[in-house]
Amino acid sequence: MTADATTADDTAALRARLEALEAENARLRATTDEDATPASDERLKGSRWRAFFSALCIVLATILVPTSIVGAWARSELVDEETFVATLAPLAQDPHVQNLIISEAMDAVDAKVDFTEITGNVIDGISDLGLGPRAAAALKLLQQPAADGLHNLVETGVTRVVQSDAFADVWTTAVRAAHRALVTTATSDGAGVFVLTDEGLGMKLGPIIEQVKQKLVDSGVGVASLIPAVDKTIIIGDGSAVSTIRTVYAIADVAGWWLPFITIGLFVAGILIARRRPVAVLGTGIALFIGGAALASTFSVGTLVVANAASQLDLSVSALDVIYNALVDDMHRTALIVALLGVLIAVIGWVSGRWKPARRFRGFVSGLNASARAALAARGLDTGRFGVWMGRQRVLVRAIVIVLAVIWLMALRPLSGGDVALVVIVALVVAWVLELLQKRPDDAARAAAARRSDDASAAEGASASASDDPAETADEGTNDTLPLPSPDADTTPLPDLGPAAGTGDEGAASPRPPKGA
(Lines give C-alpha, C1' and ligand atoms only; values in the text may rest on other atoms or scores of the structure.)
Protein backbone atom coordinates (compact mmCIF):
# COMPACT_ATOMS: atom_id res chain seq x y z
CA MET A 1 0.00 0.00 0.00
CA THR A 2 2.89 2.38 0.71
CA ALA A 3 4.28 1.97 -2.84
CA ASP A 4 0.86 2.64 -4.34
CA ALA A 5 0.44 5.79 -2.23
CA THR A 6 3.88 7.08 -3.22
CA THR A 7 3.09 6.52 -6.91
CA ALA A 8 -0.20 8.41 -6.58
CA ASP A 9 1.52 11.34 -4.84
CA ASP A 10 4.17 11.53 -7.59
CA THR A 11 1.49 11.46 -10.28
CA ALA A 12 -0.43 14.31 -8.61
CA ALA A 13 2.76 16.38 -8.27
CA LEU A 14 3.62 15.86 -11.92
CA ARG A 15 0.09 16.81 -12.96
CA ALA A 16 0.22 20.00 -10.87
CA ARG A 17 3.62 20.90 -12.32
CA LEU A 18 2.36 20.33 -15.86
CA GLU A 19 -0.65 22.56 -15.27
CA ALA A 20 1.59 25.30 -13.89
CA LEU A 21 3.89 25.11 -16.93
CA GLU A 22 0.92 25.24 -19.32
CA ALA A 23 -0.41 28.31 -17.55
CA GLU A 24 3.01 30.02 -17.72
CA ASN A 25 3.31 29.11 -21.40
CA ALA A 26 -0.13 30.59 -22.11
CA ARG A 27 0.79 33.80 -20.27
CA LEU A 28 4.06 34.16 -22.19
CA ARG A 29 2.32 33.48 -25.50
CA ALA A 30 -0.26 36.18 -24.80
CA THR A 31 2.46 38.67 -23.86
CA THR A 32 4.45 37.85 -26.99
CA ASP A 33 1.41 38.24 -29.20
CA GLU A 34 0.60 41.63 -27.66
CA ASP A 35 4.16 42.83 -28.22
CA ALA A 36 4.42 41.38 -31.75
CA THR A 37 1.07 42.60 -33.05
CA PRO A 38 2.01 46.33 -33.28
CA ALA A 39 5.37 45.49 -34.83
CA SER A 40 3.73 43.12 -37.30
CA ASP A 41 1.11 45.73 -38.23
CA GLU A 42 3.78 48.38 -38.62
CA ARG A 43 5.88 46.07 -40.78
CA LEU A 44 2.87 45.22 -42.94
CA LYS A 45 2.02 48.90 -43.31
CA GLY A 46 5.61 49.71 -44.28
CA SER A 47 5.65 46.89 -46.81
CA ARG A 48 2.50 48.21 -48.42
CA TRP A 49 3.96 51.71 -48.76
CA ARG A 50 7.16 50.33 -50.23
CA ALA A 51 5.21 48.28 -52.74
CA PHE A 52 3.08 51.33 -53.66
CA PHE A 53 6.03 53.67 -54.24
CA SER A 54 7.94 50.98 -56.10
CA ALA A 55 5.02 50.44 -58.46
CA LEU A 56 4.59 54.22 -58.84
CA CYS A 57 8.24 54.69 -59.85
CA ILE A 58 8.07 51.85 -62.38
CA VAL A 59 4.80 53.16 -63.89
CA LEU A 60 6.22 56.69 -64.24
CA ALA A 61 9.37 55.30 -65.83
CA THR A 62 7.24 53.26 -68.24
CA ILE A 63 5.46 56.43 -69.37
CA LEU A 64 8.80 58.20 -69.81
CA VAL A 65 10.38 55.45 -71.92
CA PRO A 66 8.95 56.66 -75.29
CA THR A 67 9.48 60.30 -74.34
CA SER A 68 13.10 59.60 -73.41
CA ILE A 69 13.79 57.91 -76.73
CA VAL A 70 12.23 60.77 -78.71
CA GLY A 71 13.97 63.37 -76.55
CA ALA A 72 17.39 61.76 -76.96
CA TRP A 73 16.85 61.53 -80.72
CA ALA A 74 15.69 65.14 -80.89
CA ARG A 75 18.76 66.36 -79.07
CA SER A 76 21.16 64.38 -81.25
CA GLU A 77 19.35 65.17 -84.52
CA LEU A 78 17.97 68.68 -84.11
CA VAL A 79 20.41 70.28 -81.69
CA ASP A 80 23.59 68.65 -83.02
CA GLU A 81 24.27 70.07 -86.49
CA GLU A 82 26.63 67.33 -87.62
CA THR A 83 24.18 64.57 -86.72
CA PHE A 84 21.38 66.43 -88.49
CA VAL A 85 23.46 66.82 -91.64
CA ALA A 86 24.60 63.20 -91.48
CA THR A 87 20.95 62.12 -91.38
CA LEU A 88 19.58 64.25 -94.23
CA ALA A 89 22.61 64.68 -96.49
CA PRO A 90 22.49 61.09 -97.88
CA LEU A 91 18.98 61.79 -99.21
CA ALA A 92 20.58 63.60 -102.15
CA GLN A 93 21.92 60.24 -103.37
CA ASP A 94 18.60 58.41 -103.13
CA PRO A 95 16.97 57.88 -106.58
CA HIS A 96 13.43 58.41 -105.24
CA VAL A 97 14.33 61.75 -103.69
CA GLN A 98 16.23 62.78 -106.84
CA ASN A 99 13.21 62.02 -109.01
CA LEU A 100 11.01 64.03 -106.64
CA ILE A 101 13.34 67.04 -106.87
CA ILE A 102 13.59 66.79 -110.66
CA SER A 103 9.82 66.53 -111.07
CA GLU A 104 9.06 69.39 -108.71
CA ALA A 105 11.84 71.54 -110.17
CA MET A 106 10.51 71.09 -113.71
CA ASP A 107 6.96 71.84 -112.55
CA ALA A 108 8.24 75.07 -111.05
CA VAL A 109 10.15 75.93 -114.24
CA ASP A 110 7.11 75.18 -116.43
CA ALA A 111 4.98 77.43 -114.22
CA LYS A 112 7.39 80.34 -114.77
CA VAL A 113 8.69 79.67 -118.28
CA ASP A 114 6.50 79.17 -121.39
CA PHE A 115 8.82 77.38 -123.81
CA THR A 116 6.18 77.52 -126.59
CA GLU A 117 5.95 81.28 -126.27
CA ILE A 118 9.71 81.66 -126.27
CA THR A 119 10.15 79.64 -129.44
CA GLY A 120 7.19 81.45 -131.03
CA ASN A 121 8.76 84.83 -130.36
CA VAL A 122 12.03 83.63 -131.85
CA ILE A 123 10.31 82.30 -134.98
CA ASP A 124 8.23 85.46 -135.38
CA GLY A 125 11.36 87.53 -135.15
CA ILE A 126 13.02 85.47 -137.87
CA SER A 127 9.91 85.69 -140.05
CA ASP A 128 9.94 89.47 -139.75
CA LEU A 129 13.35 89.50 -141.39
CA GLY A 130 11.61 89.15 -144.78
CA LEU A 131 11.29 85.43 -145.30
CA GLY A 132 8.86 84.19 -147.87
CA PRO A 133 5.48 82.71 -147.02
CA ARG A 134 6.68 79.15 -147.46
CA ALA A 135 9.71 79.67 -145.24
CA ALA A 136 7.58 81.36 -142.59
CA ALA A 137 5.08 78.51 -142.70
CA ALA A 138 7.89 75.97 -142.37
CA LEU A 139 9.23 77.81 -139.37
CA LYS A 140 5.78 77.76 -137.82
CA LEU A 141 5.70 73.99 -138.16
CA LEU A 142 8.99 73.82 -136.25
CA GLN A 143 7.74 75.92 -133.34
CA GLN A 144 6.28 73.11 -131.19
CA PRO A 145 9.10 70.62 -131.81
CA ALA A 146 11.54 73.37 -130.92
CA ALA A 147 9.62 74.14 -127.71
CA ASP A 148 9.59 70.46 -126.78
CA GLY A 149 13.26 70.13 -127.56
CA LEU A 150 14.06 73.16 -125.44
CA HIS A 151 12.00 71.71 -122.57
CA ASN A 152 13.77 68.37 -122.89
CA LEU A 153 17.13 70.11 -122.96
CA VAL A 154 16.39 71.89 -119.70
CA GLU A 155 14.99 68.72 -118.11
CA THR A 156 18.05 66.74 -119.18
CA GLY A 157 20.30 69.41 -117.72
CA VAL A 158 18.35 69.45 -114.45
CA THR A 159 18.49 65.66 -114.26
CA ARG A 160 22.21 65.59 -114.94
CA VAL A 161 22.88 68.22 -112.29
CA VAL A 162 20.66 66.63 -109.64
CA GLN A 163 22.25 63.22 -110.18
CA SER A 164 25.81 64.56 -110.07
CA ASP A 165 28.16 64.58 -107.10
CA ALA A 166 28.23 68.36 -107.22
CA PHE A 167 24.53 68.48 -106.37
CA ALA A 168 25.21 66.37 -103.27
CA ASP A 169 27.52 69.12 -102.06
CA VAL A 170 24.84 71.72 -102.85
CA TRP A 171 22.27 69.69 -100.94
CA THR A 172 24.57 69.28 -97.93
CA THR A 173 25.23 73.01 -97.82
CA ALA A 174 21.51 73.75 -98.00
CA VAL A 175 20.73 71.25 -95.24
CA ARG A 176 23.40 72.75 -93.01
CA ALA A 177 21.99 76.23 -93.59
CA ALA A 178 18.50 74.98 -92.76
CA HIS A 179 19.70 73.51 -89.49
CA ARG A 180 21.39 76.71 -88.47
CA ALA A 181 18.21 78.62 -89.14
CA LEU A 182 16.27 76.04 -87.14
CA VAL A 183 18.60 76.32 -84.17
CA THR A 184 18.56 80.11 -84.29
CA THR A 185 14.81 80.60 -84.32
CA ALA A 186 13.46 77.14 -83.32
CA THR A 187 11.39 77.40 -86.53
CA SER A 188 12.52 77.92 -90.08
CA ASP A 189 11.87 81.48 -91.26
CA GLY A 190 12.70 80.94 -94.92
CA ALA A 191 16.46 80.77 -94.54
CA GLY A 192 16.86 77.10 -95.39
CA VAL A 193 15.65 74.26 -97.57
CA PHE A 194 13.28 72.78 -94.95
CA VAL A 195 10.77 75.30 -93.64
CA LEU A 196 7.85 75.36 -91.25
CA THR A 197 4.79 77.13 -92.63
CA ASP A 198 1.16 77.41 -91.63
CA GLU A 199 0.41 74.65 -94.14
CA GLY A 200 2.96 72.29 -92.63
CA LEU A 201 6.54 71.13 -93.05
CA GLY A 202 7.92 71.99 -96.48
CA MET A 203 11.02 71.86 -98.65
CA LYS A 204 11.91 75.04 -100.57
CA LEU A 205 12.88 74.68 -104.22
CA GLY A 206 14.19 78.21 -104.73
CA PRO A 207 17.77 77.65 -103.48
CA ILE A 208 17.99 74.31 -105.29
CA ILE A 209 16.74 75.65 -108.65
CA GLU A 210 19.06 78.61 -108.41
CA GLN A 211 22.01 76.26 -107.99
CA VAL A 212 20.76 74.13 -110.90
CA LYS A 213 20.39 77.23 -113.10
CA GLN A 214 23.95 78.29 -112.37
CA LYS A 215 25.27 74.80 -113.13
CA LEU A 216 23.41 74.75 -116.48
CA VAL A 217 24.74 78.13 -117.49
CA ASP A 218 28.27 77.08 -116.55
CA SER A 219 27.78 73.93 -118.65
CA GLY A 220 26.99 75.98 -121.77
CA VAL A 221 23.17 75.78 -121.73
CA GLY A 222 22.57 79.47 -122.36
CA VAL A 223 18.79 79.15 -122.43
CA ALA A 224 18.90 78.27 -118.72
CA SER A 225 19.53 81.97 -118.03
CA LEU A 226 15.91 82.55 -118.97
CA ILE A 227 14.75 80.59 -115.90
CA PRO A 228 13.46 83.20 -113.45
CA ALA A 229 13.69 83.05 -109.66
CA VAL A 230 11.36 80.39 -108.26
CA ASP A 231 9.65 80.70 -104.90
CA LYS A 232 7.94 77.34 -104.41
CA THR A 233 7.71 75.11 -101.35
CA ILE A 234 6.89 71.40 -101.42
CA ILE A 235 4.70 70.55 -98.45
CA ILE A 236 5.84 67.16 -97.12
CA GLY A 237 3.80 67.16 -93.90
CA ASP A 238 0.45 68.42 -92.70
CA GLY A 239 -0.08 71.39 -90.39
CA SER A 240 0.24 69.30 -87.23
CA ALA A 241 3.93 68.82 -88.05
CA VAL A 242 4.61 72.42 -87.02
CA SER A 243 3.49 72.02 -83.40
CA THR A 244 5.00 68.53 -83.22
CA ILE A 245 8.46 69.66 -84.35
CA ARG A 246 8.38 72.69 -82.05
CA THR A 247 7.44 70.49 -79.10
CA VAL A 248 10.14 67.97 -79.94
CA TYR A 249 12.73 70.71 -80.26
CA ALA A 250 11.72 72.17 -76.88
CA ILE A 251 12.01 68.75 -75.26
CA ALA A 252 15.40 68.23 -76.87
CA ASP A 253 16.69 71.64 -75.82
CA VAL A 254 15.49 71.39 -72.21
CA ALA A 255 15.55 67.74 -71.18
CA GLY A 256 16.75 65.67 -74.12
CA TRP A 257 19.97 64.79 -72.34
CA TRP A 258 18.53 64.16 -68.86
CA LEU A 259 15.32 62.29 -69.64
CA PRO A 260 17.05 58.91 -70.24
CA PHE A 261 18.91 59.21 -66.92
CA ILE A 262 15.73 60.23 -65.09
CA THR A 263 13.92 57.23 -66.56
CA ILE A 264 16.72 54.86 -65.55
CA GLY A 265 16.83 56.45 -62.09
CA LEU A 266 13.11 55.83 -61.60
CA PHE A 267 13.51 52.19 -62.58
CA VAL A 268 16.45 51.77 -60.18
CA ALA A 269 14.52 53.48 -57.35
CA GLY A 270 11.54 51.24 -57.97
CA ILE A 271 13.78 48.19 -57.67
CA LEU A 272 15.64 49.37 -54.56
CA ILE A 273 12.57 50.30 -52.49
CA ALA A 274 10.56 47.25 -53.54
CA ARG A 275 9.65 44.66 -50.91
CA ARG A 276 10.33 41.86 -53.39
CA ARG A 277 13.05 43.07 -55.68
CA PRO A 278 12.95 40.19 -58.17
CA VAL A 279 9.32 41.07 -58.86
CA ALA A 280 10.35 44.72 -59.36
CA VAL A 281 13.09 43.66 -61.78
CA LEU A 282 10.56 41.57 -63.69
CA GLY A 283 8.19 44.56 -63.78
CA THR A 284 10.99 46.81 -65.02
CA GLY A 285 11.71 44.45 -67.89
CA ILE A 286 8.04 44.26 -68.84
CA ALA A 287 7.78 48.07 -68.67
CA LEU A 288 10.77 48.56 -70.95
CA PHE A 289 9.34 46.07 -73.41
CA ILE A 290 5.95 47.80 -73.42
CA GLY A 291 7.46 51.28 -73.85
CA GLY A 292 9.84 50.30 -76.63
CA ALA A 293 7.33 48.13 -78.49
CA ALA A 294 4.64 50.83 -78.29
CA LEU A 295 6.95 53.46 -79.77
CA ALA A 296 8.14 51.12 -82.52
CA SER A 297 4.52 50.33 -83.39
CA THR A 298 3.76 54.05 -83.57
CA PHE A 299 6.52 54.55 -86.13
CA SER A 300 5.19 51.64 -88.17
CA VAL A 301 1.76 53.27 -88.21
CA GLY A 302 3.42 56.56 -89.16
CA THR A 303 4.54 54.98 -92.43
CA LEU A 304 0.90 54.54 -93.42
CA VAL A 305 0.13 58.13 -92.41
CA VAL A 306 2.98 59.45 -94.57
CA ALA A 307 1.77 57.41 -97.55
CA ASN A 308 -1.73 58.85 -97.12
CA ALA A 309 -0.34 62.37 -96.88
CA ALA A 310 1.74 61.85 -100.04
CA SER A 311 -1.36 60.76 -101.93
CA GLN A 312 -3.28 63.84 -100.79
CA LEU A 313 -0.39 66.15 -101.72
CA ASP A 314 0.11 64.45 -105.11
CA LEU A 315 3.74 63.65 -104.32
CA SER A 316 5.86 60.57 -104.74
CA VAL A 317 4.95 58.09 -102.01
CA SER A 318 8.31 56.33 -102.25
CA ALA A 319 10.24 59.60 -101.91
CA LEU A 320 8.35 60.73 -98.82
CA ASP A 321 8.72 57.27 -97.37
CA VAL A 322 12.49 57.51 -97.79
CA ILE A 323 12.56 60.91 -96.08
CA TYR A 324 10.35 59.68 -93.23
CA ASN A 325 12.46 56.59 -92.66
CA ALA A 326 15.63 58.67 -92.65
CA LEU A 327 14.18 60.87 -89.92
CA VAL A 328 12.81 58.15 -87.64
CA ASP A 329 15.20 55.28 -88.36
CA ASP A 330 17.37 55.92 -85.29
CA MET A 331 14.33 56.24 -83.01
CA HIS A 332 12.74 53.12 -84.43
CA ARG A 333 15.93 51.10 -83.99
CA THR A 334 16.41 52.43 -80.44
CA ALA A 335 12.82 51.52 -79.54
CA LEU A 336 13.36 47.95 -80.73
CA ILE A 337 16.61 47.72 -78.76
CA VAL A 338 14.84 48.96 -75.61
CA ALA A 339 12.15 46.32 -76.09
CA LEU A 340 14.86 43.66 -76.45
CA LEU A 341 16.59 44.87 -73.28
CA GLY A 342 13.25 44.70 -71.52
CA VAL A 343 12.92 41.03 -72.41
CA LEU A 344 16.43 40.31 -71.09
CA ILE A 345 15.79 42.19 -67.83
CA ALA A 346 12.47 40.39 -67.38
CA VAL A 347 14.25 37.05 -67.75
CA ILE A 348 16.82 38.11 -65.13
CA GLY A 349 14.02 39.12 -62.76
CA TRP A 350 12.26 35.81 -63.21
CA VAL A 351 15.45 33.79 -62.67
CA SER A 352 16.21 35.67 -59.44
CA GLY A 353 12.65 35.26 -58.08
CA ARG A 354 11.14 32.88 -55.55
CA TRP A 355 9.25 30.80 -58.04
CA LYS A 356 9.95 27.08 -57.82
CA PRO A 357 11.27 26.68 -61.39
CA ALA A 358 13.52 29.71 -60.87
CA ARG A 359 14.92 28.27 -57.62
CA ARG A 360 15.49 24.94 -59.32
CA PHE A 361 17.34 26.66 -62.18
CA ARG A 362 19.49 28.70 -59.79
CA GLY A 363 20.35 25.57 -57.85
CA PHE A 364 21.38 23.82 -61.04
CA VAL A 365 23.64 26.70 -62.12
CA SER A 366 25.07 27.09 -58.62
CA GLY A 367 25.89 23.38 -58.55
CA LEU A 368 27.68 23.60 -61.88
CA ASN A 369 29.73 26.59 -60.69
CA ALA A 370 30.61 24.85 -57.42
CA SER A 371 31.75 21.75 -59.32
CA ALA A 372 33.81 23.88 -61.68
CA ARG A 373 35.45 25.72 -58.75
CA ALA A 374 36.23 22.39 -57.06
CA ALA A 375 37.77 21.04 -60.27
CA LEU A 376 39.88 24.16 -60.71
CA ALA A 377 40.99 24.00 -57.07
CA ALA A 378 41.97 20.35 -57.54
CA ARG A 379 44.18 21.45 -60.43
CA GLY A 380 45.98 23.96 -58.21
CA LEU A 381 44.04 27.20 -58.82
CA ASP A 382 43.96 29.25 -55.61
CA THR A 383 42.72 32.86 -55.71
CA GLY A 384 43.55 33.43 -52.03
CA ARG A 385 42.14 36.46 -50.24
CA PHE A 386 40.90 37.93 -53.50
CA GLY A 387 38.70 34.89 -54.04
CA VAL A 388 37.44 35.01 -50.45
CA TRP A 389 36.55 38.70 -50.81
CA MET A 390 34.77 38.07 -54.09
CA GLY A 391 32.83 35.22 -52.52
CA ARG A 392 31.66 37.46 -49.68
CA GLN A 393 30.86 40.41 -51.97
CA ARG A 394 29.44 38.45 -54.90
CA VAL A 395 26.25 40.56 -54.98
CA LEU A 396 28.33 43.72 -55.25
CA VAL A 397 30.46 42.15 -57.98
CA ARG A 398 27.39 41.22 -60.01
CA ALA A 399 25.97 44.73 -59.60
CA ILE A 400 29.25 46.25 -60.84
CA VAL A 401 29.17 44.01 -63.92
CA ILE A 402 25.59 45.09 -64.68
CA VAL A 403 26.37 48.79 -64.21
CA LEU A 404 29.41 48.58 -66.49
CA ALA A 405 27.32 46.78 -69.12
CA VAL A 406 24.69 49.57 -69.00
CA ILE A 407 27.39 52.25 -69.33
CA TRP A 408 28.86 50.39 -72.30
CA LEU A 409 25.44 50.23 -73.96
CA MET A 410 24.90 53.95 -73.50
CA ALA A 411 28.34 54.69 -74.94
CA LEU A 412 27.47 52.69 -78.07
CA ARG A 413 24.37 54.75 -78.92
CA PRO A 414 22.78 54.58 -81.40
CA LEU A 415 22.49 50.89 -80.65
CA SER A 416 21.99 47.95 -82.92
CA GLY A 417 21.00 44.36 -82.26
CA GLY A 418 24.61 43.26 -82.69
CA ASP A 419 25.77 45.78 -80.07
CA VAL A 420 23.27 44.48 -77.52
CA ALA A 421 24.20 40.86 -78.22
CA LEU A 422 27.92 41.67 -77.85
CA VAL A 423 27.44 43.48 -74.53
CA VAL A 424 25.20 40.75 -73.10
CA ILE A 425 27.57 37.93 -74.11
CA VAL A 426 30.63 39.73 -72.74
CA ALA A 427 28.82 40.55 -69.47
CA LEU A 428 27.72 36.92 -69.02
CA VAL A 429 31.23 35.60 -69.72
CA VAL A 430 32.83 38.09 -67.31
CA ALA A 431 30.26 37.33 -64.60
CA TRP A 432 30.83 33.59 -65.03
CA VAL A 433 34.63 33.93 -64.85
CA LEU A 434 34.31 36.01 -61.68
CA GLU A 435 32.03 33.32 -60.23
CA LEU A 436 34.69 30.70 -60.86
CA LEU A 437 37.38 32.84 -59.20
CA GLN A 438 35.43 33.04 -55.94
CA LYS A 439 36.22 30.99 -52.82
CA ARG A 440 33.12 30.13 -50.81
CA PRO A 441 33.06 28.32 -47.45
CA ASP A 442 30.27 26.02 -48.58
CA ASP A 443 32.17 24.71 -51.61
CA ALA A 444 33.99 22.08 -49.51
CA ALA A 445 30.75 21.00 -47.86
CA ARG A 446 29.05 20.75 -51.24
CA ALA A 447 31.92 18.70 -52.61
CA ALA A 448 31.79 16.35 -49.61
CA ALA A 449 28.02 16.04 -49.93
CA ALA A 450 28.43 15.27 -53.61
CA ARG A 451 31.00 12.56 -52.80
CA ARG A 452 28.71 11.06 -50.16
CA SER A 453 25.86 11.13 -52.62
CA ASP A 454 28.02 9.37 -55.19
CA ASP A 455 29.13 6.76 -52.64
CA ALA A 456 25.53 6.18 -51.58
CA SER A 457 24.47 5.81 -55.18
CA ALA A 458 27.28 3.33 -55.78
CA ALA A 459 26.30 1.34 -52.67
CA GLU A 460 22.68 1.27 -53.73
CA GLY A 461 23.73 0.08 -57.17
CA ALA A 462 25.86 -2.70 -55.67
CA SER A 463 23.02 -3.75 -53.36
CA ALA A 464 20.57 -3.79 -56.24
CA SER A 465 22.94 -5.91 -58.35
CA ALA A 466 23.44 -8.33 -55.46
CA SER A 467 19.70 -8.71 -54.91
CA ASP A 468 19.32 -9.51 -58.58
CA ASP A 469 21.74 -12.54 -58.32
CA PRO A 470 19.87 -15.74 -59.48
CA ALA A 471 21.54 -18.15 -57.06
CA GLU A 472 20.78 -15.97 -54.07
CA THR A 473 17.21 -15.56 -55.21
CA ALA A 474 16.86 -19.36 -55.48
CA ASP A 475 18.27 -19.85 -51.96
CA GLU A 476 15.87 -17.30 -50.56
CA GLY A 477 12.99 -19.17 -52.21
CA THR A 478 13.82 -22.57 -50.59
CA ASN A 479 15.00 -21.51 -47.13
CA ASP A 480 11.81 -20.95 -45.09
CA THR A 481 13.08 -22.05 -41.61
CA LEU A 482 14.57 -19.96 -38.85
CA PRO A 483 18.26 -20.60 -38.07
CA LEU A 484 19.01 -22.56 -34.88
CA PRO A 485 21.51 -21.18 -32.40
CA SER A 486 24.81 -22.94 -32.02
CA PRO A 487 25.43 -25.00 -28.89
CA ASP A 488 28.10 -22.60 -27.72
CA ALA A 489 25.89 -19.55 -28.08
CA ASP A 490 24.75 -17.70 -24.97
CA THR A 491 21.09 -18.18 -24.30
CA THR A 492 18.79 -16.01 -22.27
CA PRO A 493 16.48 -17.89 -19.88
CA LEU A 494 12.78 -17.34 -20.30
CA PRO A 495 11.23 -15.14 -17.65
CA ASP A 496 9.10 -16.60 -14.89
CA LEU A 497 5.51 -15.93 -15.88
CA GLY A 498 4.02 -17.40 -12.65
CA PRO A 499 2.32 -15.41 -9.85
CA ALA A 500 4.51 -13.13 -7.77
CA ALA A 501 3.37 -14.54 -4.40
CA GLY A 502 3.64 -18.10 -3.17
CA THR A 503 6.31 -20.75 -3.58
CA GLY A 504 6.47 -24.45 -4.15
CA ASP A 505 5.24 -26.73 -6.84
CA GLU A 506 1.68 -25.50 -6.53
CA GLY A 507 2.60 -21.94 -7.40
CA ALA A 508 4.84 -22.90 -10.29
CA ALA A 509 3.49 -22.43 -13.76
CA SER A 510 3.07 -25.67 -15.63
CA PRO A 511 4.40 -25.71 -19.14
CA ARG A 512 1.94 -25.62 -22.02
CA PRO A 513 1.25 -28.97 -23.54
CA PRO A 514 2.39 -29.25 -27.12
CA LYS A 515 -0.13 -28.78 -29.88
CA GLY A 516 -2.06 -31.87 -30.67
CA ALA A 517 -1.43 -33.42 -27.22
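This briefing covers salt bridges, aromatic rings and a charged surface patch in one structure. The model is predicted: local features need pLDDT of at least 70, side-chain atom pairs count only at pLDDT 80 or more, and totals for chains, interfaces and linings use all residues. Residues are numbered from 1 along each chain as its sequence is written, and side-chain values use heavy atoms, with hydrogens and water left out. The structure holds five salt bridges and four aromatic pairs.

**Terms**
- A salt bridge is a side-chain nitrogen of Lys or Arg within 4 Å of a carboxyl oxygen of Asp or Glu.
- Buried means under 20% relative accessible area, exposed means over 50%, and partly exposed is in between (1.4 Å probe, protein chains only).
- Helices are DSSP runs (H or I, at least four residues), numbered from the N terminus.

- Asp329, Asp330 and Arg333 are linked in a network of salt bridges.
- Asp329 meets Arg333 at 2.8 Å, N to O.
- These two residues are about one helical turn apart, because they sit four residues apart in helix H12 (residues 317–351).
- Asp330 meets Arg333 at 2.6 Å, N to O.
- Arg333 and Asp330 are three residues apart in H12, also about one turn.
- Asp329 is partly exposed at 39% relative accessible area. Arg333 is partly exposed at 26%, and Asp330 is partly exposed at 22%.

**A salt bridge between two helices**
- Arg398 forms a salt bridge with Glu435, with the closest N and O atoms 2.8 Å apart.
- Arg398 lies in helix H15 (residues 394–411) and Glu435 in helix H16 (residues 417–436), so the pair ties together parts 37 residues apart in sequence.
- Arg398 is partly exposed at 39%, whereas Glu435 is buried at 10%.

**Aromatic rings**
- Rings of Phe, Tyr and Trp (its six-membered ring) pair if their centres lie within 6.5 Å; planes under 30 degrees apart count as stacked, over 60 as edge-to-face and the rest as tilted.
- Phe52 and Phe53 form an edge-to-face pair, 5.4 Å centre to centre with 70 degrees between the planes.
- Trp49, Phe52 and Phe53 form one aromatic cluster.
- Phe52 is partly exposed at 47%, and Phe53 is partly exposed at 40%.

**Negative surface patch**
- Asp107, Asp110, Glu155 and Asp314 form a negative surface patch.
- Patch residues have over 30% relative accessible area and no salt bridge, and like charges are joined within 9 Å.
- Asp110 lies in helix H3 (residues 95–112). Asp110 is partly exposed at 33%.

Key:
Patch = residues over 30% accessible without salt bridge, like charges linked within 9 Å, V, L, I, M, F, W, Y side chains within 5 Å. Areas by Shrake-Rupley, 256 points an atom, 1.4 Å probe, with all protein chains shown as cover. Lys, Arg positive; Asp, Glu negative; His and termini not counted. Charge placed at Lys NZ, Arg CZ, Asp CG, Glu CD.
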